[in-house]
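Please view the sequence and the model together while reading.

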Amino acid sequence: MTDPLLDVAIRAALAAGEAIMRVYAEPFEVIQKSDQTPVTEADLAAERVIVAMLTEAFPDIPIVSEETAPEDGFKPPAARFWCVDPLDGTKEFIAKNGEFAVCIGLIEDGRPVLGVVHGPAIATTYAAHGPGTAIRIKDGGAPHPISARIPAPDGLVAIHSRTNINSPRLAEYFQGRTILERISCGSALKFGVLAAGEADLYPRFGTTMEWDTAAGQAILEAAGGSVVRVEGGPLPYAKHDLKNDAFLAWGAKPAW
């Protein structure tokens with residue numbers, strides 16, 4: 001059974017990844033946006049590709065994308081809309097460490113229900129649309145089902161951003177808890193690692209935006225994991241400022 005929404009989202013992510021890698025292969029300019037975050041031609045080229053493909057296939061579904069979202073917030077355009085980060089991990093892209101991703105999520109009634117996270121430099125794509133549908137595609141091969149794992153009884157494998165490796169808040173959260181291993185990884189690829197059962201916990205205390213998490217959350221939840229606010233309760237979407245509270249992304253079964 002085909003899934004037109006997911007099929008188009010995957011094709012758009014792959015096409016955007018090709019546009020990104022063309023820029024990646026050559027010298028490129030880095031521009032600072034007004035919020036002091038970097039942007040490159042790869043961000044803009046990927047966004048053009050994604051917006052064109054999604055709009056052509058589904059003209060009635062609005063798109064909220066990082067590079068075109070208004071800085072003063074927005075009114076949710078509809079109960080269902082695409083939430084796109086054309087190049088998640090621009091700093092990783094600039095550093096040329098390969099840990100960046102194309103993120104395409106679909107929000108329905110304030111919840112992410114579909115997601116594609118594509119890492120063009122590592123030739124790996126994670127995708128899902130609904131419970132039990134999470135897949136991983138490597139090196140252009142066939143899709144393979146993935147699922148989040150139950151943590152080992154003796155401790156957890158935690159994954160977090162490279163930029164947060166020395167975070168005092170992260171160290172405080174880990175204090176007194178048994179962490180078997182800490183993995184550093186850029187961008188929303190962390191959600192894919194959790195969804196594939198290769199880590200147990202991703203704590204995030206810094207600011208993120210909805211387009212940073214929507215696709216990854218949809219994939220992780222489809223794989224049997226969960227994303228909750230640190231204070232408890234679900235991570236909401238379609239907020240006016242698009243900013244997320246601190247959250248915990250879990251594998252199949254929280255241990256604490």
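## Accessibility and basis

Buried means under 20% relative accessible area, exposed over 50%, and partly exposed in between, with a 1.4 Å probe and protein chains only. This is a predicted model, in which local features need pLDDT of at least 70 and side-chain atom pairs count only at pLDDT 80 or more, while totals for chains, interfaces and linings use all residues. Residues are numbered from 1 along each chain as its sequence is written, and side-chain values use heavy atoms, with hydrogens and water left out.

I150 counts as exposed because its relative accessibility is 58%. I150 belongs to the loop between β9 (144-145) and β10 (156-160), where strands (E, at least two residues) and helices (H or I, at least four) are DSSP runs numbered from the N terminus. Leaving aside residues up to four places away in sequence, I150 touches A252 and K253, contact meaning heavy atoms within 4.5 Å.

## Salt bridges

Eight salt bridges are found in a search of the whole structure, each being a side-chain nitrogen of Lys or Arg within 4 Å of a carboxyl oxygen of Asp or Glu. One of them joins R162 and E99 at 2.7 Å, N to O; because R162 lies in the loop between β10 and α4 (168-174) and E99 in the loop between α3 (90-95) and β5 (101-108), the pair ties together parts 63 residues apart in sequence. R162 is partly exposed at 38%, whereas E99 is buried at 14%.

Another salt bridge pairs E210 with K239, the closest N and O atoms being 3.0 Å apart, and both E210 and K239 are buried.
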